[in-house]
Amino acid sequence: MPGLGTTFGRGGATTALPDLMNADAILIMGSNMAENHPVGFQWVMEAKERGARIIHVDPRFSRTSAVSDIWAPLRAGSDIVFLGGLVNFVIENSKEFREYVVNYTNAPIIISEDFEDTDDLDGLFSGWDPERRSYNPQTWAYAHCGTFDSAEQEYVDGGHAKESGRLTVPDLTSCERDDTLQHPGCVYQILKRHFARYTPEMVETACGVPRKLFLKIAETFCSASGPEKTAAMCYALGWTQHSDGVQIIRTAAILQLLLGNIGRPGGGIMALRGHASIQGSTDIPTLYDILPGYLPMPKLGVNSKDLATYYSKHQDKTGLWWNIDKYMVSLLKAYYGESATKENDWGYGWLPRVTGDHSHQGYFLDMMDGKVEGLFVMGQNPAVAGPNSRFERKALSKLKWLVVRDLVELESASFWYDSPEIGRGELRTEEIGTEVFFLPAAGHAEKEGCFTNTQRLIQWHQKAVDPPGDARSEPWFVYHLGRRLKQRARDDSRPRNAGLNALTWDYSLEGKNHDPSVEEVLQEINGRFLPDCTLVSGYSDLKADGSTVCGCWIYSGIFPAPGQNRANDRKARDFYGHGWAFSWPSDRRVLYNRASARPDGQPWSERKKLVWWDDVQKKWTGLDVPDFTATKPPDYTPPKGAEGDAALAGNRPFILHPDGLGWIWAPVGLADGPLPTHYEPLESPVRNPLYGQQTNPAAMPEQRPGNQYANSPDDRFPYVMTTYRLTEHHTSGAMSRTLSHLAELQPDPFCEISRELAAERGIRNGDWVTITSMRGIIEARALVTSRIQSLDVCGKRVHQVGVPYHWGYRGLVKGDIANDLIAISEEPNVRISEKKVILCNLVAGRRARGKEALEQMEAQIWGPRTAGHSPVGSASEGKSWR
Amino acid sequence: MAADPQITEERLNAIRDEAARTGKVQHGGIVPADSPFPKSALEMSYHGNPVLKPPTWTWQVPLYFFVGGVAGVSALMALVGHVTGNSALVRAELLVGLVGGAISAPLLIADLGRPGRFLNMLRVFKPRSAMSLGAWTLSGFSAAVGLAVICHELLRAGYGHEFLLAVEWFAEFLAAFTGLILASYTSVLLGVTAIPVWSENRRLIPAVFLTGALGSAAAVLEFLGFLIPATQLIGLVASTTEIVIAILIEVRDRYADRPLREGIAGWLTRAGAILAGPVSLLLRIYGVHSTGARYCAALCFIAGALIARYAWIAAGRASARDPQALFQIQRRDRNTTSAI
Amino acid sequence: MAVSAFLTDATLCIGCKACEVACKEWNHVPADGFTFTGNSYDNTNALGASTWRHVMFLEQPSSLGAQITGTDDPFRWQFLSDVCKHCQKAGCLEACPTGAIIRTELETVYVQPDVCNGCGYCVVSCPFGVVDKNHEVGTAFKCTFCYDRQREGLMPACAKACPTQSIQFGEINDLRKRAHVRVQELHERGYSDAQIYDPQKTSVEGTHAMFVILGEPETYNFPPAPEVPTVHMKSAWTAAIISALAVVLVVCVSFAL
Ligand SMILES: Nc1nc2c(c(=O)[nH]1)N[C@H]1C(S)=C(S)[C@@H](COP(=O)(O)OP(=O)(O)OC[C@H]3O[C@@H](n4cnc5c(=O)[nH]c(N)nc54)[C@H](O)[C@@H]3O)O[C@H]1N2
Ligand SMILES: Nc1nc2c(c(=O)[nH]1)N[C@H]1C(S)=C(S)[C@@H](COP(=O)(O)OP(=O)(O)OC[C@H]3O[C@@H](n4cnc5c(=O)[nH]c(N)nc54)[C@H](O)[C@@H]3O)O[C@H]1N2
Ligand code: SF4
Ligand code: SF4
Ligand code: SF4
Ligand code: SF4
Ligand code: SF4
Ligand SMILES: [Mo]
């Protein structure tokens, strides 16, 4: 979530779903909210009923478009042009919320004179190092004051954590700024120049959105912003699953800052998360590069030597990250208990180090190379949902052992005997050495615990029934596995076991299955005082001297006293839902809500009031918990040399940033530039209409055998394919294809194509078609519909093919796996793969069976051998996609 | 329609014309070759799906319609036989009635699946449900015929008694009365449904079914040896009526009647009508003196009448499948009464 | 007891099918086949013995109020959740020979599964094509209006599951009023073709499941002027009696000659 994290400070939706009801306009883009978040969508419908204008920009006319006021079809992968067009529109027409922009964002800050923009460098920013294929962000720093700490020439390689790199702002008052926004070196002017190319004409050319339609949207959205009005945005995978996904979100964030829509009721950016607790699994992460609460994971050689080095990289002098030592030490105390002492650096040395790319794509590539011995798959189905699933299934066969814990025996557990590779003779069961252990898992109704939903709301759920048979919960499995490992390591004094031996692992067990107490886990997450183990009341209680433990500082306050599990609160007191569960941090529902008041502390307008300064009580009050130090007056000016939160003035709402400002300009934290800029997807039907640089230079296409790319453009694969979900199924389908009541609703894999493409290829509605890419071949039924429109892009007719990705080779309904066509690639900041745009070909008829399917695919790639086609594509080894 | 319906309609017509002419539409592409042309709202239904549910009845039901009809009219003939003093006729017809009644119940039960289910019908007496009335009628008819047969046989065996005779008269009268209902209620059963072809022909189906029953009863009688003028006459009348009905269906040319003229149901209807109508009639007229021809005529009529039962059920199925049949009727009615 | 009713509003429906699934889950209605239809996103097609709520998907060449779509021609995608109409005068109930179909104290139309004998007469008597016979069980099924839930004071499962209040459940007169207000409101907002589907002026005399629809009822496969078949009772019996008398006449004359 660095898109939001770098811009605002925290990687989470800035608002709550019910707050959408207060919006005057909602732009849903890169999300099919009605289909994938139908329950949350009720608030959009409510807003619509109250007169808000709903705008949906999406390659397809989906169930969301059906109930929107405006739908604009755009070419998949062109979002930055569209959003950049909006930014340009705002600036050109002076639609920005000037007072907000000047006070609350870094628009007035002057940037280093060494900075050179994409305009000058044909799509690259200054600092590009072609050798290392990454940026040195030296020149992106604030001029004169905000020195980027780069003693050792740090390169950014991004990540989920708080901005890696440190912006030291010794004295904010001395920071060079121009509140008239006229200085040519100020962020605002750079922004203006940067986006000047993103004209309505360019939007029409690159996105295929007619100029008039674009202007209508721009007018509608901007006129719903200002002191009296607010507009919100909702996005999900249509923005994230791109090789420049983080920058798409950045563009949106910049736009919302310009329009003054952050921290205000009915405004904000609603990042729609996926699985029930996906937000939770970045907060308390399943990601490889962060620790709970977005603390960066130690990286070998960079920050890993000792805590002092770690702090020197990550501790900001000003803002909330000044307290990183308190959060880190409390976390280490939670891990290692008594064993963590000041003398041994609180056990910092026992933490594992990041030694390379351990992301999903990274380890599957390693797995293919035989570098990974074993794998636990718990609640995932990479054989279907992973990028280039064909590649991933083959990679699984290289493992020595594989543990799959799931509710059903899914494709990832059965690939060794019934995957298409077996049928096509690519893999032979007898030759697969992988030992597969399938363990039954308890479903969420069979265990208690909590989910953190899309709006950062942590909700407790009770156990309804005991799990059947041998099925056990994840806590049970992980706890008892850990217990046994610790037992084995107890008498083994090799250094590698020191951490394991030091680990506290002492939850009380309950129930007939001896499940660890999850309430105790939640208490540990909340934090305790040592040595008497009383619960802390919030993260401000945490200390760096080892007298507190805390499993995740941002969740602190969730269990403030025995018996007070606030995740289990069930009495909402107000419209924002206070009293119903707990929203991190500190139950704030709308983040940065200090911005809902003017610099002087009074609401921008009566209609849009949320949090304000009460002059009588001398504190911030309002409809939400203030996301601000409650007693810090609006006119507070920090004394010289102040540190942490005390160093932020009373009119600085973005308290996690060292300067307290919303970052239109991101001086640190991003691997691909301080401002967003449009790059074409790794496979694109056109050349980049804006710059010579075709694709995101920092993105990693991971081109290799089995993961080849098409050229951009490529006659063999003329169509743009995009993938998505249907309400009727869930992700890899393991949970929906197995249920008759869901399976019957969408029984066959299908693709959606325009009437024009259907006519071109002689396809009738309901026919079978075969779709191929550089990586795979699948068949699907064709839904011929006006809901997909062919577009005019860069002087060319572009046809898009929409493919839901829910089918696999098991379950009540089966079908080919869409992800066999997708490429493994990595966005440079979060390493997500580009699943929303690839190039494909589509022909009428079913694909060949067995081995011949591969021949059919090869023929598509290489052409009939005899025809003497010179193999393009992979031979050009990674040049074509650049 | 939000936009001016006229304009949209014109536009659609233009597109339709173009599509019909060229097989595809150029600008932006509305319709690929071979896909359905856009239709105006009034012609449209939901994806062309049926609105109504087709009858669920199994093959036994039309057979029952036939058997019940023959049995019912036979009971009438038994009564007439008694009045005219034709004892042999009475005996034969009572037997036909008895056998018909005895076959009917199992046929219905076969459709229901379980014997006990037939009894559910006798929980309530609900005259406004033709099905309920039918169930009671069949029960009453079977009982009456059974009683009549018993009395008749006892009397024949010499157990003559005033009372027994009175009972026989009563039972025969009851059997004739319920027999007539048995032979006609099935037509009401179809006519009083939502299925367009049935509902629209609710005044015709009774004539169809009763003619079939009448002619078939006479034909059965002929097979039982009664090659008498009465059966010949009835045969002539029945076949003539069949012809009239068939002509009516053909010339009325109503949309709702299409299943009676088109498709499998249509050909079944025609086959039935031809067998029971002209074929049977001509055999009777030109084979006046030939016993063989008469048997043939009887057989053709029975076959024709039986086929007609299946044809009407098949037509009901086809009619339920066609949403336009329903819409057209209701639009017509609605325009005259301005409903909703 | 209050008179229960549904008001299902096409303009609020997002086609999520939660109602369809919730109904099946609560009532243990089995799945009915895994067939792809190609009819937009609808693979259910119609109400039936094992589908008591059915969400329709209509792709139409006309516009939705003032909606702007980036299509070359007017286009809209509509959804509507269909259900048994629980007719004021119900064809199925009139037809049922066993008394299996009853009107409950909530004035809803309910099939008692233990009484139904599977005669199938309700099937051809429903003017909306709702009720159907399950050939495995051999008896007829349709929406129960969640009679069991309602008796416990719970809302029907489908209404409960609907995230957008497209399915509103309540007292019939309240809902009728609400429907009129809603249609008025929709007209003002530019949905000029919004109308209520609640055939009150036909022999059905109104339904307990009303709908707010856009455009003509036919596009939703709603009969424009549904009639309870029993209104034709008189004409059918008259014809039958005349025919029967003719038969009597022919028989008498023939045998008398
Ligand atoms: N019913 C249901 N709900 C779900 C899920 C499910 O599987 N089923 N999955 C859950 C999970 S894990 C997640 S992550 C969320 C995902 O929620 P969404 O992000 O809403 O899911 P998608 O359907 O993958 O994609 C959203 C939309 O992006 C569009 N799109 C594709 N390419 C582009 C592009 O380049 N630009 C733009 N602007 N749009 C594009 C697609 O057409 C699609 O309509 O949903 C969650 N909710
Ligand atoms: N082409 C394409 N590919 C995509 C996407 C896309 O938009 N396009 N989206 C991507 C996204 S956002 C996601 S999130 C992934 C999803 O992909 P996956 O996470 O791989 O797929 P799921 O089917 O959600 O797998 C979840 C599994 O968890 C099991 N499960 C459920 N509850 C429990 C439990 O309590 N314990 C255990 N052990 N197991 C449980 C379920 O049975 C199921 O098999 O797909 C990704 N792949
Ligand atoms: S499945 Fe759960 S998370 Fe998803 S929309 Fe429904 S209620 Fe919300
Ligand atoms: S809609 Fe049909 S099944 Fe429902 S009550 Fe009316 S007649 Fe009966
Ligand atoms: S099938 Fe059952 S419910 Fe329907 S009419 Fe017959 S007995 Fe009544
Ligand atoms: S009321 Fe109950 S039975 Fe009827 S459709 Fe709704 S959930 Fe199903
Ligand atoms: S649950 Fe509501 S919104 Fe969803 S399909 Fe049913 S009626 Fe429509
Ligand atoms: Mo996801």
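Author: Let's start inside chain B: three residue pairs, both at pLDDT 80 or more, are in polar contact between domain 1 of chain B and domain 2 of chain B. A polar contact is a pair of N or O atoms within 3.5 Å; within protein, one must be able to donate a hydrogen and the other to accept it, and residues adjacent in sequence count only if both atoms are side-chain atoms.

Reader: Before we go on, what are the ground rules here?
Author: This is a predicted model, where local features need pLDDT of at least 70, side-chain atom pairs count only at pLDDT 80 or more, and totals for chains, interfaces and linings use all residues. Residues are numbered from 1 along each chain as its sequence is written, chains are lettered from A and ligands numbered from 1 in the order in which they are written, and side-chain values use heavy atoms, with hydrogens and water left out.

Reader: Thanks! Where do the domains of chain B run?
Author: Domain 1 covers 54-192 and domain 2 covers 199-322; such bounds come from an automatic or database domain assignment. Their C-alpha centres lie 22 Å apart.

Reader: And how many residues are in contact?
Author: In chain B, 24 residues of domain 1 are in contact (heavy atoms within 4.5 Å) with 26 residues of domain 2.

Reader: What about the residue classes on the domain 1 side?
Author: On the side of domain 1 of chain B that touches domain 2 of chain B, there are 17 nonpolar, six polar and one charged. Here Ala, Val, Leu, Ile, Met, Phe, Trp, Tyr, Cys and Pro count as nonpolar, Asp, Glu, Lys and Arg as charged, and the others, Gly among them, as polar.

Reader: Switching topic, which residues are closest to ligand 1?
Author: Asp58(A), Asp79(A), Arg725(A), His729(A) and Thr731(A) are the closest of the 32 that surround ligand 1, each with a heavy atom within 4 Å of it.

Reader: What touches its oxygen atoms?
Author: Thr731(A) has a backbone N or O atom 2.6 Å from an oxygen atom of ligand 1. Polar side-chain atoms also lie by ligand oxygens: 2.8 Å for Lys836(A) and 3.1 Å for His242(A).

Reader: Which residues come nearest to ligand 6?
Author: Those are Cys23(C), Arg53(C), Cys143(C), Cys146(C) and Cys158(C), out of 13 around ligand 6.
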